[in-house]
Amino acid sequence: MKKILALVLILLFFGISFSFAEDRTITVKAKKFSYTPNKIEVNKGDHVTIRLMSEDVTHGLFIDGYGLNTKAHPGSDGSISFVANKTGKYAFRCSVTCGEFHPYMVGNLIVGPNHRFYFFGLIILVICIGSAAIPLLKRKS
Ligand SMILES: [Cu+2]
């Protein structure tokens, strides 16, 4: 029983320190009037760095909901670093007026649930049920 408890604790420790969060660096290229990519998908808890590169004029990138902003000049990249602690779909838009179609320069940040968290939870649940069932099975035989 003590061994099983130790195993659960070790798994929890590894789960929390390694698997629940991932470092994600995404390079977004901005040019009149679009972003490439215009869809960024991460998981909740990820440490996200968005590097913004401009291919023509000065552009910005503002993330709704997170309230984060950066600017990129041609040859001088912008950068945003944050922890994706809110799930959902958030639009990001250009925060520097760059031309007539500037209001349409948008993309989406999608923060999904942390599947790894549930996966670890499931493993721990299986171990707990297993450890409870073994003494019962032994008693029967
Ligand atoms: Cu722009």
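Here are some questions and answers on how features of this predicted model get their labels.

The model is predicted, so local features need pLDDT of at least 70 and side-chain atom pairs count only at pLDDT 80 or more, while totals for chains, interfaces and linings use all residues. Residues are numbered from 1 along each chain as its sequence is written.

Q: Why is Tyr 66 called partly exposed?
A: A residue is buried if 20 or more other C-beta atoms (placed from the backbone) lie within 10 Å of its own, exposed if 12 or fewer, and partly exposed in between. Tyr 66 has 18 other C-beta atoms within 10 Å, so it is partly exposed. Its place is in the loop between β5 (59–63) and β6 (68–72).

Q: What does Tyr 66 touch, not counting residues up to four places away in sequence?
A: Contact calls for C-beta atoms, placed from the backbone, within 7 Å. On that count Tyr 66 touches Phe 82 and Tyr 90. Tyr 66 and Phe 92 are 26 residues apart in sequence and 9.6 Å apart in space, C-alpha to C-alpha.

Q: What makes β8 and β9 a pair?
A: Strands are DSSP runs of E with at least two residues, and helices are runs of H or I with at least four, numbered from the N terminus. Two strands pair if DSSP finds at least two bridges between them. Strand β8 (residues 88–93) and β9 have six bridges, in the antiparallel sense. Here Lys 89 stands opposite Ile 110 in β9. Strand β9 also pairs with β3 (residues 39–43), in the parallel sense over five bridges, and Ile 40 stands opposite Leu 109.

Q: Which side chains of β9 (residues 106–112) point to the buried face?
A: Gly 107, Leu 109 and Val 111 point to one face and are buried.

Q: Why are β2 (34–36) and β7 (78–83) said to stand at the edges?
A: Four strands form an open sheet in the order β2-β1-β4-β7, with mixed pairing. Strands β2 and β7 each have a single partner strand, so one side of each is left without a neighbour in the sheet.

Q: How do you know that α2 lies largely in the open?
A: Of its 26 residues, the number buried is zero, so α2 lies largely in the open. Helix α2 (residues 115–140) reaches 37 Å from its first C-alpha to its last, close to the 38 Å expected. That expected span is 1.5 Å times one less than the number of residues.

How values were computed:
Contact = placed C-beta atoms within 7 Å.
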